[in-house]
Protein chains: 2
Amino acid sequence: MTDDAIRAVIPFKKENAKSRLSEVLSETQRQKLALCMLFDVISALEKSGKVDEIDILNSSFSSIMNTEFPLNINVLLNEKSLNDALNEYLQKSAKHWDGTVFIIMADMPLVTEKQIIELTNMTADIVIAPGSGGGTNALLIRNPEKFHVDYYGTSFLDHLRIAKEAGLTVDVYDSFLVSTDMDEPDDLVELLIHGQGRSADNLRSAGISLDTKTGKLELDKNR
Amino acid sequence: MTDDAIRAVIPFKKENAKSRLSEVLSETQRQKLALCMLFDVISALEKSGKVDEIDILNSSFSSIMNTEFPLNINVLLNEKSLNDALNEYLQKSAKHWDGTVFIIMADMPLVTEKQIIELTNMTADIVIAPGSGGGTNALLIRNPEKFHVDYYGTSFLDHLRIAKEAGLTVDVYDSFLVSTDMDEPDDLVELLIHGQGRSADNLRSAGISLDTKTGKLELDKNR
């Protein structure tokens with residue numbers, strides 16, 4: 001086990017977030033859910049006791065303008081694309097932060113402190129937690145100067161390749177709760193079944209529940 | 001850690017298996033894939049060294065007739081519904097088997113011995129590994145006389161409730177690899193990305209590959 005300091009960074013976008021959920025949630029509801037999910041992720045990071053700093057990397061000024069973030073969180077703005085913003089972040093961290101960078105997505109509200117502890121306890125240079133569909137939902141980078149990210153497409157395979165090319169060792173962290181991100185209405189089923197945090201509560205208060213016979217979403221007609 | 005003997009049972013159906021995959025695989029190809037997945041699950045069980053007996057519980061005589069199962073596997077036939085067949089199996093096990101029953105689905109080809117070892121090392125009376133969409137992909141039952149299964153719908157929640165009503169303790173085993181079953185074409189993407197066994201090879205030899213830019217399936221035009 002390593003005992004290096006860990007800096008977590010959560011890319012975040014409030015506006016036009018999660019457009020594939022528009023079948024069941026309005027723009028305002030999606031923004032609220034996006035914020036709840038972010039807070040669930042922050043809560044897991046904080047409860048884990050494994051993370052020394054938490055940065056939220058916002059992709060638009062309006063995300064920052066209208067949002068109340070917790071006071072102990074650093075709020076950064078970078079309007080570049082996700083990859084460019086994160087790679088810039090990694091380069092800066094390599095210069096100014098003598099430790100590990102932990103990139104974690106904002107839309108995985110099932111994560112708890114248990115997964116954060118287990119993942120950060122893995123000892124390889126790079127620890128990757130896959131998301132569904134070939135994604136990368138969490139990425140621990142112990143050598144930010146030697147690594148760069150490549151999200152979109154099958155980023156899981158890209159990150160394995162980038163680590164290999166850089167001569168870095170890799171552990172894969174296998175977790176259903178971490179792999180489950182909220183892109184499609186079907187993903188909300190997982191949130192209602194397995195969610196313990198405020199995102200699940202938020203969804204229920206938006207009038208969305210689960211038909212346990214069919215396993216499908218049920219939309220409250222009066223919502 | 002308990003050191004009780006474990007009897008694994010894998011419900012299996014070859015004919016008309018995985019009808020939702022018919023968009024990309026013919027009936028013959030789906031039958032072949034179903035068998036490969038079964039063998040991947042058996043391989044994980046055997047390599048784990050944790051399982052004393054393996055039973056395949058077939059739901060139709062034709063599944064048995066035309067299939068070559070490994071010699072060390074017990075082949076059972078029960079044409080009742082999945083729930084009835086498994087509950088009968090649990091009752092018989094309670095009478096004739098002084099140990100634990102481990103129900104594991106045949107369509108989760110990403111499982112390896114690592115997950116089997118971790119799951120069976122958990123110490124609660126009941127260990128549940130969720131499948132996507134509220135399913136139950138693996139279920140370790142240390143007291144078969146006190147438990148019954150209820151698959152279909154959100155069986156994960158049903159099994160939690162049944163355990164609670166019976167006064168049994170529950171551990172949830174959190175694994176992306178175990179949660180990923182092969183129901184829809186999108187699931188085959190996971191198999192091509194994360195699969196190490198013969199199911200992934202089978203899919204590739206059926207002319208199905210992965211477009212790593214889009215993360216979508218690519219069908220070989222000459223297949």
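Trainee: Which residue in E2(A) does Phe12(A) stand opposite?
Mentor: This is a predicted model. Strand E1 of chain A covers residues 6-12, and strand E2 of chain A covers residues 53-58. The two pair in the parallel sense over six bridges. In that pairing, the residue of E2(A) opposite Phe12(A) is Asn58(A).

Trainee: Which residue in E3(A) stands opposite Asp55(A)?
Mentor: E2(A) is also joined to strand E3 of chain A, residues 74-77. Four bridges link these two strands, which run parallel. Opposite Asp55(A) stands Asn74(A).

Trainee: Is Ile56(B) buried or exposed?
Mentor: Ile56(B) sits in strand E2 of chain B, residues 53-58. Beyond its neighbours within four places in sequence, its contacts include Ile10(B), Phe12(B) and Phe69(B). The cut-off for burial is 20 or more other C-beta atoms within 10 Å. Ile56(B) has 23 such atoms within 10 Å, so it is buried.

Trainee: How far apart in space are Ile56(B) and Lys216(B)?
Mentor: In sequence, 160 residues separate them. Taken from C-alpha to C-alpha, the separation in space is 33 Å.

Trainee: How are the two copies related?
Mentor: Chain B can be laid on chain A with an RMSD of 0.0 Å. That takes a turn of 180° and a shift of 0.0 Å along the axis. The copies are therefore related as by a two-fold rotation axis.

Trainee: Which helix gives the largest share of the side of chain B that touches chain A?
Mentor: In the contact, 21 residues of chain B meet 21 residues of chain A. H5(B), H6(B) and H7(B) each supply at least two residues of chain B's side. By class, that side has eight nonpolar, 10 polar and three charged residues. The largest share, four residues, comes from H7(B).

Note on methods. Residues numbered from 1 in each chain as written. Chains lettered and ligands numbered in written order. Predicted model: local features only at pLDDT ≥ 70, side-chain atom pairs only at ≥ 80, totals over all residues. Pairing = 2+ DSSP bridges. Least-squares fit on C-alpha atoms with pLDDT ≥ 70 in both. Contact = placed C-beta atoms within 7 Å. Nonpolar A, V, L, I, M, F, W, Y, C, P; charged D, E, K, R; others polar. Buried ≥ 20, exposed ≤ 12 C-beta atoms within 10 Å, placed from the backbone.
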